[in-house]
Amino acid sequence: MATTTIVTGSIEGLLQEERRYPPPPAFAAAANVRDPEVYERARRDPEGFWAEAARELTWERPWDRVMDWTPPTVKWFVGGQINASVNCVDRHAHGERRTKPAIVWEGEPGDERVLTYEELHREVNRAALMLKALGVQKGDRVTIYLPMVPELPIAMLACARIGAPHTVVFGGFAPEALAGRINDSGAKVLITADGGYRRGQIVPLKQNADRALAAAPGVEHVVVVERVGAAAGIAMEPGRDRWWHEAMAAVGDGGCPPEPVDAEHPLYILYTSGTTGKPKGLLHTTGGYLLGTSLTAKWVFDLKEDDIYWCTADIGWVTGHSYIVYGPLANGATAVMFEGTPDYPDKDRFWDIVERRRVTVFYTAPTAIRGFMGWGAEHPAKHDLSSLRLLGTVGEPINPEAWVWYHEHIGGGRCPIVDTWWQTETGMIMISPLPGMTVTKPGSATVPFPGVEPDVVDGQGNSVPLGQGGNLVLRRPWPAMARTIWGDPDRYAAQYFGSYGPAVYVTGDGARRDEEGYFWLMGRVDDVLNVAGHRLGTMELESALVSHPAVAEAAVIGIGHELKGQGIAAFARLRVGAEATDALAEELRRHVAEKIGPIARPDRVYFVAELPKTRSAKIMRRLLRDIAEGRVVGDTTTLTDPGVLAEIKASYGGAEAVE
Ligand code: WTA
């Protein structure tokens, strides 16, 4: 059947990627994990595998049982007691790492602060005492709404020290979103700042917080970090508000003994968007989460004593929680933390930081990489990036062209790339190369981490044969998995379990496994198009579009189509120098058809100056869909730049390309 051939063509589009990148021999020889036997050992005895790794952490009391699993409820290290701040700070603060930088922070204006483990220990102790002085007790929730400043990880670790779960709200969120999260978590204390810097402008965090607090009456105390010196511009409410530096000074250096908590004690709540409008507060607990993040950080990022590790995520998202704060610090690593954006004051800001700080391990998002590609290789070329030895990506599927560009222009052709698949819900990296062993293929997150058991299933939950697409599920519990949705265990059970059996976790992602068992992520299942009864991953289409030299970035959505059920609309941001013409639109349609198959030919091509993205840099397809289908535009509070919308709408009304 002709149509089947076409679809097979689209599947093959990615699976035909034939470039292979074995680990460079010198890297492999020195890697933290070199023995493929780890996979076999974890398969034979997963609980034994995790338990052995857990012994590397510092426990206040050993566990009685490794795991209890009564789906969907899991408990890890039952009976064990542990404290996250002890593992991330205390155990490094007194020994050889005492004077080692834990956090190397750079502010957007260029100011800097380096905190050694000893200094971090002092700050975390003080902040813990400060929280206690405000009446925060074990189990109380603390909301943290800060820019990327050192006080953010300090506050998180201080909460962990006294057993008070934190809930970090990304500093880019609007007052309404902040209020919703404060109310849902029931926090009584809010930590914020007088402001933050973003592209030279001041983000009025305290003013936002004040507006949020008008709708969040449960908050009794507000602690304000002085970041931008906007004291004159903000109002401090007597009795409720106090300055961080004053409160910290008031408690002195007496030290705050860590509160030993059960392994299953809540460490934090982090909100993430779901399919409904109400964000979900995913709850992570202490022992299993620390194990999952510390072990993956050590193995996937191959962390060594002298590494300078930089994850560019914001700590407001799970990537920052797991791979700026808990994972790296539990390993006693040096983590770079940056307040600003990659293009301010110039498009080489990241590469300037890599050069000056001698960054060795660099972890960023595909969307950022495509941004760099669009700006041109001359920006990284201005800097000495020879300190880099390993690169990582996370957050979305990476198209092979971006992967190869990253490898060449950032990694100088010598750094392995770890494409890491995971979610807020999984807490830790789940599918990823181990850089000393795994032969990588551009565009594939490769293989499951030892002890992790993903599968690809059809609509009935049956495993599909290798080479076919389906739903990505996880068949075995892992230590860092979210335990529930805060305040809504039924939603947790319904959302993630039950579709294919009570013990099978549903990721919401589509994936294929190739003949060698490598996983190729296809994006969210709801982002998979059904064109004339055939499935096409938006990622494949976007990958095809950005493989055209004129395209810097693309987003593809399904639109209503009379004949095919769903048609394809492509939104493209062009590279500098390319001209948005009807001829180029036609060329792109032809290009995609050539790359994937005629069925993949976009019905419409829109040229846009910018794609609408959430604050976590995910393309808002829902919004593009609304625009393309002429519906009312939905909630846009999470848009990075609301002006983008107006522009896209105008483009829809006006410069629509040929049909
Ligand atoms: C997507 C971010 C392909 C995926 C850590 C997942 C990825 C969602 C990858 C989770 C990757 C993340 N390849 N897709 N390497 N990493 N995703 O909760 O759709 O912000 O379900 O967590 O991002 O996003 P979240």
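Domain 1 and domain 2 bury about 1,800 Å² between them, and 56% of that lies on carbon and sulfur atoms. The model is a predicted one. The size of an interface is often given as the accessible area lost when the parts come together.

Where do the domains run? The domain assignment gives domain 1 as 9-453 + 461-488 + 497-509, and domain 2 as 532-653. Their C-alpha centres lie 30 Å apart. The contact takes 22 residues from domain 1 and 21 residues from domain 2.

What links the two sides? The count of salt bridges between domain 1 and domain 2 is zero. Three residue pairs are in polar contact, with both residues at pLDDT 80 or more. On the side of domain 1 that touches domain 2, α1 (2-15), α14 (366-375) and α16 each give two or more residues. The largest share of that side, five residues, comes from α14.

Now to a sheet. Seven strands form an open sheet with mixed pairing, in the order β6-β5-β18-β17-β19-β20-β21. Its edge strands are β6 (112-116) and β21 (417-420), and each pairs on one side only. Neighbouring strands are turned by 15° against each other on average, direction ignored.

Strands β17 (308-311) and β18 (334-338) pair in the parallel sense over three bridges. Within this part of the sheet, W310 has V336 of β18 as its bridge partner.

| Helix | Strands | Angle |
|---|---|---|
| α13 (349-357) | touches β5, β6, β17, β18 and β19 | about 145° to β5 |
| α16 (400-410) | lies across β19, β20 and β21 | about 150° to β20 |

Methods:
Residues numbered from 1 in each chain as written. Predicted model: local features only at pLDDT ≥ 70, side-chain atom pairs only at ≥ 80, totals over all residues. Heavy atoms only, no water. Pairing = 2+ DSSP bridges. Helix = DSSP H or I, 4+ residues; strand = E, 2+ residues; numbered from the N terminus. Axes fitted to C-alpha atoms, helices over the stretch in contact; angles between N-to-C directions. Contact = heavy atoms within 4.5 Å. Domains from an automatic or database assignment. Buried area = accessible area lost by both parts, 1.4 Å probe. Salt bridge = Lys/Arg side-chain N within 4 Å of Asp/Glu carboxyl O. Polar contact = N/O pair within 3.5 Å; in protein donor to acceptor, adjacent residues only side chain to side chain.
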